[in-house]
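Visitor: Hi! Could you walk me through this model in plain words?
Guide: Happy to. Have a look first, then ask away.

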There are 2 protein chains.
Amino acid sequence: MLTERQLFLLQVIIDEFIQTAQPIGSRAISKKDEVTFSPATIRNEMADLEDLGYIEKTHSSSGRVPSEKGYRFYVDHLLSPSHLSQAELHLISNTFENNMVEFEQVVQKSAKVLSDLTNYTSIILGPKVYETTLKQIEIIQLSSYMAVAILVTNTGHVEHRSFSIPEEIKPSDLEKLVNILNQQLRNVPIIQLHERLQKEITMLMQKYVNDFDGAYQYLKAALFDEQPVQLYVGGITNILLQPEFKDVNKIHSLYSVMEQENAIANMLRSYSNGIHVSIGQENVMDEMQDCSLITATYSLGEEQLGTIALLGPTRMEYSRVISLLHVLSKRMSHTFDSWF
Amino acid sequence: MLTERQLFLLQVIIDEFIQTAQPIGSRAISKKDEVTFSPATIRNEMADLEDLGYIEKTHSSSGRVPSEKGYRFYVDHLLSPSHLSQAELHLISNTFENNMVEFEQVVQKSAKVLSDLTNYTSIILGPKVYETTLKQIEIIQLSSYMAVAILVTNTGHVEHRSFSIPEEIKPSDLEKLVNILNQQLRNVPIIQLHERLQKEITMLMQKYVNDFDGAYQYLKAALFDEQPVQLYVGGITNILLQPEFKDVNKIHSLYSVMEQENAIANMLRSYSNGIHVSIGQENVMDEMQDCSLITATYSLGEEQLGTIALLGPTRMEYSRVISLLHVLSKRMSHTFDSWF
DNA sequence: TTTAGCACTCAAACAACAAGAGTGCTAACA
DNA sequence: TGTTAGCACTCTTGTTGTTTGAGTGCTAAA
C-alpha cells in the first residue's frame, strides 16, 4: 500500500511529466510550493516508488519517468476530474449549435473539435447501420443498361450503388420489383433485409416479375453487400507535434496501421459502453504500444451507435481528455436523440 | 548550348541520383561501362555543368546533385519514355477488369494502384458534377419534421442531404414540389439548376404549392449548396519512406497542407489537359517546394472530369511516373466512356 | 583535348573532456 | 525514528580535436 506522501509524489511526478515530457528530479519537485520536504526525502520515496514499479529511470542517474503501471494507477486512483474551461465548452457548443441534421456531419465535426482541443488524434467510428430500419428503396435508370439503386434508412442514412442491367430485364419488371420490395420491406431492420428477402419474398416476386432471378442477382449485390466502414480521423498531424514521435519509423508504423481502416474499426467496436483507457502495451494493436487510446461511445436512445476515441502518447492529459470525451459523447447522443 | 557529352553526363548524374539519393562523384561515373573517359575529364565537364546551373555541390568537396534547373532540363529534353513492365501493366489491368460501375470506385482504386506502383503519394480529384445533368430528385420523409433530399445525376452520382421540415409545410405540398421539380428540371445541367429554379419555376410553384417560399428555402440548402470536394489520396505514408523526409518538421508541414482539401483541389483544378510537371519551387504551394508534382487529367468524352497527380520528392522517377499517369488517365477515361 | 598526379576541402565518425543534473548512501539532527 | 545535509558517483550532453575518406580543382605532361 502506498502512503499518502507516496500517492502525492506519484501524482506530482505524473502531472509534471505530462506537461514537460522531461524526466523529473527530486530537486525540481522540492521547489514546488506544495512540497514541504527536502530533495533527500523525495529521493528516498522515489526509490520506493521505483521498487514498486510506478516510476522508472531513463538511465542510472536520471530523473524519474512514469511507467505504464504508474499511468494505470494514476488513471484508476489519482485522477481528479478536470473541469473544462469556458472557452472549451464554448467551442463545443458552437460546433453543435450549427443546426446539424446529418450523422456524417455531426461525426465529422466532432472529430475535428476533439483533435483541435486536445492536439491528439481523434478517431470516430461512424454510426452503424445495422440496427436502423429500411425507409425506402429507389431504383433510377440512368441509361438502357445502367441504373443506380438507392436505399434510405429511417435515420436518413443513404446508401447507393450503381449497377448494370442485363438486357433481358425490362424497365417495367424493375419497377414492379421495387414496388414489391418497398411494400414488403419497409421498416424492416437493415440487418434482416437479406434474410427476409430470401425467405419470404422470393416466391412472391417470382410470380409477378419476369426473370426475377436475373434481376435479383444484380440488385442484391447493389443493395445488400457489406458497406465500407466509415472512420473519421481528425488531426492526424497532431501526432507529429509530440516529442515522443521524433522518429520517422515510429511515425511510419503508426500511420500505416491507421490506414487499415477495417482493423481500426474492429478494434474500436470491441469496446463496450463507457469510457475505456488503454495504456501502452495494453493496446491490442502492436503499432500503438507507445500510445494511449481513450474510447467512449455514443448512442441513439438505448442503442450504442459508434465509438469515439483519442489517440496520443502514453504521456497524455488523461484527465482533460476523459472529461472531453464524456462531454462530447453525451452531446452527440443528445443530438441524435433530438432527431428521432 | 550543351555538348553531346555534357548532355550524356547530365543524364547519367540525374539517373544515378534518382536511384541512390546520394551525391555523385566523378570516379563513380567513370566506373560505369558506358563511360570511356577519365574522372578528371568528368570533373571538368561537371564544373561547366555547375556553372550553367544544372547541378550543384552540397559542400565544397562533395559530389554533384541535380539542381531544379537540372531536373527541368531533364524532364524537357532528356526523358526517354520508359516502357512499363508486364507486371505493372498487369496490375493496372487487374484493377480495371474488376467490373467497376461507379466513379468513386474507379477513382479510389486508381489512387491505390498509383501509389502502390510508385511508392509516392497519389492524389486524385474526384469527377466534377457541374457538367452532368439532373436525372431525378427524390424527397423522402423520415419523420414528421425531418426528410432527406436525394439528387441523382445522369452519371449515377448521388447527392443527399437531410433537412428539417418546418411545421407549416404539409407532406402533400412537398410531394407536389418534387413533381414539379422533376418535370421542369430533368436533364438540366447541375450547374444551371439554381438559376433555372429561380428564373423560371418560382412562379409556377407559388401557384400550386402552399407556402412555397418556406419549403423552397429549406430545399435549396439541402440540394443546391456547394458540395464538398472529393479528394482521394493514396499511399500518404509512402512519403515517409523517402530519405529526403527524415525531418519531422518537413513531414508536418507537408501533411498539414494535405489536410486542406479545398486548397489542394483548387490547385489541381488549375492544371489543363495533358501531363504537367511541377518541380520544387515551381509549385504554387509553399509546402511542396521540396517536392515534385506530376498531374494528368481524365475525362468523359470531350469533357475533362478531374485530375490525377503524384507527389514525391524532386528526385522522382519522372520517366516511369509520366508513363504510368499516361496509361492510367487513358484507362480511367476509357472506363467512363464505356459507361455512357 | 585528355589525363595523371597532387594538394586541398569538407563531412562524418570517433575519442577525450568538462559541465551539469541527478542519484544513492552515510551520518548527523530534531 | 523519520528527515535532511553533504558528498561521492554516474550518466547525458555539448564541445573540441583528430582521423579517415571521398571528392574536388589545378597544373603539367601526353
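**Around the DNA, and beyond**

Visitor: Which residues are closest to DNA strand D?
Guide: Of the 19 residues that surround DNA strand D, the closest are Arg5(A), Thr41(A), Ser60(A), Ser61(A) and Ser26(B). A residue is near a strand here if one of its heavy atoms lies within 4 Å of it. Before we go on: this is a predicted model, where local features need pLDDT of at least 70 and side-chain atom pairs count only at pLDDT 80 or more, while totals for chains, interfaces and linings use all residues. Residues are numbered from 1 along each chain as its sequence is written, chains are lettered from A and ligands numbered from 1 in the order in which they are written, and side-chain values use heavy atoms, with hydrogens and water left out.

Visitor: What part of DNA strand D do the atoms within 4 Å of the protein belong to?
Guide: Sugar or phosphate for 77% of them, and bases for the rest.

Visitor: Which side chain has an N or O atom 3.1 Å from a base nitrogen of DNA strand D?
Guide: That is Arg43(B). On the sugar side, a polar side-chain atom of Ser60(A) is 2.8 Å from a sugar or linking oxygen of DNA strand D, and for His59(A) the distance to a sugar or linking oxygen is 3.2 Å.

Visitor: Which element gives the largest share of that surface?
Guide: Helix 3 of chain A, with 4 residues. Helices (H or I, at least four residues) and strands (E, at least two) are DSSP runs, numbered from the N terminus. By class, the surface near DNA strand D has 3 nonpolar, 11 polar and 5 charged residues. In that scheme Ala, Val, Leu, Ile, Met, Phe, Trp, Tyr, Cys and Pro count as nonpolar, Asp, Glu, Lys and Arg as charged, and the others, Gly among them, as polar.

Visitor: And which residues come nearest to DNA strand C?
Guide: Ser26(A), Arg64(A), Thr41(B), Ser60(B) and Ser61(B), out of 19 around DNA strand C. Sugar and phosphate make up 74% of the DNA strand C atoms within 4 Å of the protein. Two side chains reach phosphate oxygens: Thr41(B) at 2.6 Å and Ser26(A) at 2.7 Å. His59(B) has a polar side-chain atom 3.4 Å from a sugar or linking oxygen of DNA strand C.

Visitor: You listed Arg64(A). What does Arg64(A) form a salt bridge with?
Guide: With Glu50(A), the closest N and O atoms being 2.9 Å apart. The two are 14 residues apart, Glu50(A) in helix 3 and Arg64(A) in strand 2 of chain A. A salt bridge means a side-chain nitrogen of Lys or Arg within 4 Å of a carboxyl oxygen of Asp or Glu.

Visitor: Is Arg64(A) buried or exposed?
Guide: Arg64(A) is buried, at 10% relative accessibility, whereas Glu50(A) is partly exposed at 25%. The cut-offs are under 20% relative accessible area for buried, over 50% for exposed and partly exposed in between (1.4 Å probe, protein chains only).

Visitor: How many salt bridges does the structure hold over all chains?
Guide: 20. One of them joins Arg315(B) and Glu244(B) at 2.8 Å, N to O, and these partners lie 71 residues apart, each in a loop of chain B. Another joins Asp116(B) and Lys112(B), also 2.8 Å; those two are about one helical turn apart, because they sit 4 residues apart in helix 6 of chain B.

Visitor: Switching topic: how many salt bridges are there between chain A and chain B?
Guide: The count is 0. The rule does find 4 residue pairs in polar contact across that interface, both at pLDDT 80 or more.

Visitor: How much area do chain A and chain B bury between them?
Guide: About 3300 Å², 66% of it on carbon and sulfur atoms. Buried area is the accessible area (1.4 Å probe) that two parts lose on being put together, summed over both. In residues, 39 of chain A are in contact with 40 of chain B, contact meaning heavy atoms within 4.5 Å.

Methods: Polar contact = N/O pair within 3.5 Å; in protein donor to acceptor, adjacent residues only side chain to side chain.
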